[in-house]
Amino acid sequence: MPQITLDDLSVGFRGPLLLNHVSARIHRGDKIGLLGRNGAGKTTLMRMLLGLERPETGSIEIEAGTKIAWVSQDVPPEVGGQVLGILEKGLPADFELPENEWRKTQAIDRVVEQLQLDPDANFESLSIGMKRRVLLGRAIVAAPDVLLLDEPTNHLDIDSITWLETFLAGFSATLIFVTHDRAFLTKIATRIFEIDRGKLFDWECDYATFLERKEQLLIAQEKQDALFDKKLAQEEVWIRTGIKARRTRNEGRVRRLETMRLERASRPRKVGSIQLNIDEGERSGMLVCELKQASFGYGTKPIVPPIDLTIMRGDKIGILGRNGAGKSTLLKGLLGELAPLEGSVRLGTKLQIAYFDQNRDVLDPTKTAEENVGVGRTSVTVQGRTKHVIGYLQEFLFTPEEARSKIQYFSGGQRNRLLLAKLFAQPANLLVMDEPTNDLDAESLELLEERLVEYDGTLIVVSHDRAFLNNVVTSLVVFEPGGIREVVGGYDDWVRQRKAQLAEESSKQVPKSGGKSSSGGAKEADVAGSVSAAASTGGGAKPKLSYKEKQELDRLPALIDEIEAKQAALHVQMAEPDYFKSAATDLASDAKKMEKLDADLVKAYSRLEELEGRV
């Protein structure tokens with residue numbers, strides 16, 4: 001018997017139907033990932049399950065005695081006080097009776113132990129990750145039968161996300177959650193619901209299988225629509241051939257044509273995608289930023305320990321670490337907004353910086369979307385083309401009515417799209433983005449990734465979206481317990497290297513403890529939350545060179561000699577008296593060759609220094 005039954009459900013709030021006569025069956029123990037574009041109706045569906053909204057038609061049948069709990073996307077501003085008091089508010093009223101005191105104590109103790117909470121802590125003093133954990137505790141303290149989560153990974157660091165994944169993997173009740181974190185979906189969801197243009201599709205599979213089936217469906221649907229349109233075009237030609245079409249024996253064919261016209265008109269229109277075009281502006285100098293033993297903080301208290309870091313034009317660097325580790329402080333230091341407490345910072349030339357702030361502080365909620373992007377102008381210039389602000393915002397899926405609306409009424413996804421529109425309305429050869437993936441739907445997120453990969457400028461991004469880091473960045477700056485480490489590659493590359501490092505540190509402790517090292521190394525959750533492991537070994541040990549790295553180190557001197565020889569030969573060629581009489585295309589080609597050789601030489605020396613430092 002289904003735990004929850006949706007029967008012919010429709011809701012539209014006096015506008016186009018968000019849910020158009022949808023039906024579904026939810027069974028006990030399902031872990032359902034609810035997908036759909038921003039504004040598709042995901043949160044509305046969950047609010048109806050909670051009884052906070054009522055459908056216009058249809059019904060929701062919930063099994064008798066079913067308890068439903070919910071954790072919202074944002075931390076409610078009215079929540080405050082001691083953690084114990086917040087947890088107690090999640091208990092039923094009868095738990096306050098004297099005879100149920102033991103049940104109340106038992107429930108609180110169970111949640112405190114499961115979620116590793118401090119019941120005496122003050123809620124306002126906690127990090128955003130711990131606040132979300134307390135709200136989750138309030139939701140599950142009464143042992144609900146169904147748990148609803150809206151964007152549970154937003155604003156959480158890697159440690160908190162991996163902890164939440166571990167907890168939900170062992171959660172026995174029914175789980176329905178909205179998220180755009182693809183790694184989270186892959187690990188938790190056993191069933192996918194997708195809301196698309198008013199319809200609810202039950203894919204009855206996990207996320208990886210959903211992606212395969214969805215792609216196959218889209219290909220098949222495209223072929224089917226093409227065949228239908230071809231047939232319809234043939235019938236339209238036939239109907240215009242003259243009087244023959246109106247003969248009695250052809251009336252059936254005429255009726256079929258009318259039916260085909262209606263079917264074509266009622267075909268759901270594909271929802272548009274945002275049009276992301278990044279104006280790269282003027283090319284910056286080869287060096288973008290150089291830190292030499294630079295530390296940053298406020299007053300005399302250092303937050304970011306001394307770090308050496310060189311950022312060259314075209315680098316795509318991700319910054320990863322716990323909430324409060326100092327990532328935003330490091331960004332301010334890289335941008336020259338915060339003077340170093342020690343060491344030095346050197347910024348490159350011709351920098352045009354665009355900054356994406358995760359708190360969206362650059363947006364004025366009292367102004368309209370048009371006013372926020374236009375900043376007193378009615379037009380913007382993007383890639384040399386002048387566009388009206390309203391037309392430009394339509395490229396980011398804002399209707400003219402929405403463009404003229406105050407953004408204080410916008411959803412998180414709408415504000416993120418508006419911030420992207422504002423960011424890309426100015427030329428920039430250095431993009432600095434702080435959590436750009438929050439609240440973006442899957443299609444917008446994939447398009448953003450594609451544009452950032454194609455972007456020829458320099459990118460510095462803070463993100464906890466593991467799939468995003470794997471797809472976009474070429475290196476990571478990671479805040480680890482023992483200090484800051486630079487890693488070549490994305491998130492998975494860091495996990496692999498961190499596992500090897502922890503395994504090596506663990507093996508070094510074997511003679512001291514007399515114990516046996518565990519086979520298989522550390523789990524990903526241990527890697528992400530490796531404070532205790534790193535602290536027990538000093539946290540500063542560098543992994544030994546692998547066989548491939550040793551080979552690479554042996555080859556690097558010869559590679560450097562080869563690059564320098566090519567540079568010298570090109571310098572000799574460019575020093576010839578008649579060189580500048582050559583064709584302009586040849587001069588431009590040689591200039592690009594010289595730039596590439598310079599970049600290759602810098603990378604080779606950096607890699608040599610890194611490998612030699614670990615010998």
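1. Let's start with a pair of helices. The axes of helix 3 and helix 4 come within 10 Å and cross at roughly 145 degrees (axes are lines fitted to C-alpha atoms, for helices over the stretch in contact, and angles run from 0 to 180 degrees between N-to-C directions). Helix 3 brings Arg 110, Val 111, Gln 114 and Leu 115 to the contact, and helix 4 brings Arg 133, Leu 136, Gly 137 and Ile 140; contact means heavy atoms within 4.5 Å. Those residues sort into four nonpolar, two polar and two charged, where Ala, Val, Leu, Ile, Met, Phe, Trp, Tyr, Cys and Pro count as nonpolar, Asp, Glu, Lys and Arg as charged, and the others, Gly among them, as polar.

2. Before going on, a word on what you're looking at. This is a predicted model, in which local features need pLDDT of at least 70, side-chain atom pairs count only at pLDDT 80 or more, and totals for chains, interfaces and linings use all residues. Residues are numbered from 1 along each chain as its sequence is written, and side-chain values use heavy atoms, with hydrogens and water left out. Helices (H or I, at least four residues) and strands (E, at least two) are DSSP runs, numbered from the N terminus.

3. Now stay with helix 4, residues 128-140. From first C-alpha to last, its 13 residues reach 19 Å, close to the 18 Å expected; the expected span is 1.5 Å times one less than the number of residues. Ten of the 13 residues are buried (under 20% relative accessible area; exposed is over 50% and partly exposed in between, with a 1.4 Å probe and protein chains only). Among the buried ones are Lys 131, Arg 132 and Arg 133, along with Val 134 and Leu 135. Their cover includes strand 5 (68-71), helix 2 (83-88), helix 3 (101-115), strand 6 (146-150) and helix 5 (158-169).

4. Six strands form an open sheet in the order 5-6-7-3-8-9, with mixed pairing; two strands pair if DSSP finds at least two bridges between them. Strand 5 and strand 9 each have a single partner, so one side of each has no neighbour in the sheet. From one strand to the next, the twist averages 20 degrees. Inside the sheet, strand 3 (residues 31-36) and strand 7 (residues 174-178) pair in the parallel sense over four bridges, and Lys 31 stands opposite Leu 175.

5. What packs on this sheet? Helix 1 (residues 42-50) does, touching strand 3, strand 5, strand 6, strand 7 and strand 8 (191-196). Its direction makes about 150 degrees with that of strand 6. Helix 7 lies across strand 3 and strand 8, at about 45 degrees to strand 8.

6. Most residues other than glycine have a negative phi. Glu 151, however, has a phi near 50 degrees, and so does Glu 204, at about 50 degrees. Which is buried and which is exposed? Glu 151, in the loop between strand 6 and helix 5, is buried at 5% relative accessibility. Glu 204, in the loop between strand 9 (199-202) and helix 7 (207-239), is exposed at 59%.

7. Finally, helix 14 (residues 442-454). Its end C-alpha atoms are 19 Å apart, which agrees with the 18 Å its 13 residues should span. Buried here are Ser 444, Leu 445, Leu 447, Leu 448, Glu 449 and Leu 452. The elements they pack against include helix 6 (182-188), strand 12 (316-320) and helix 13 (412-423).
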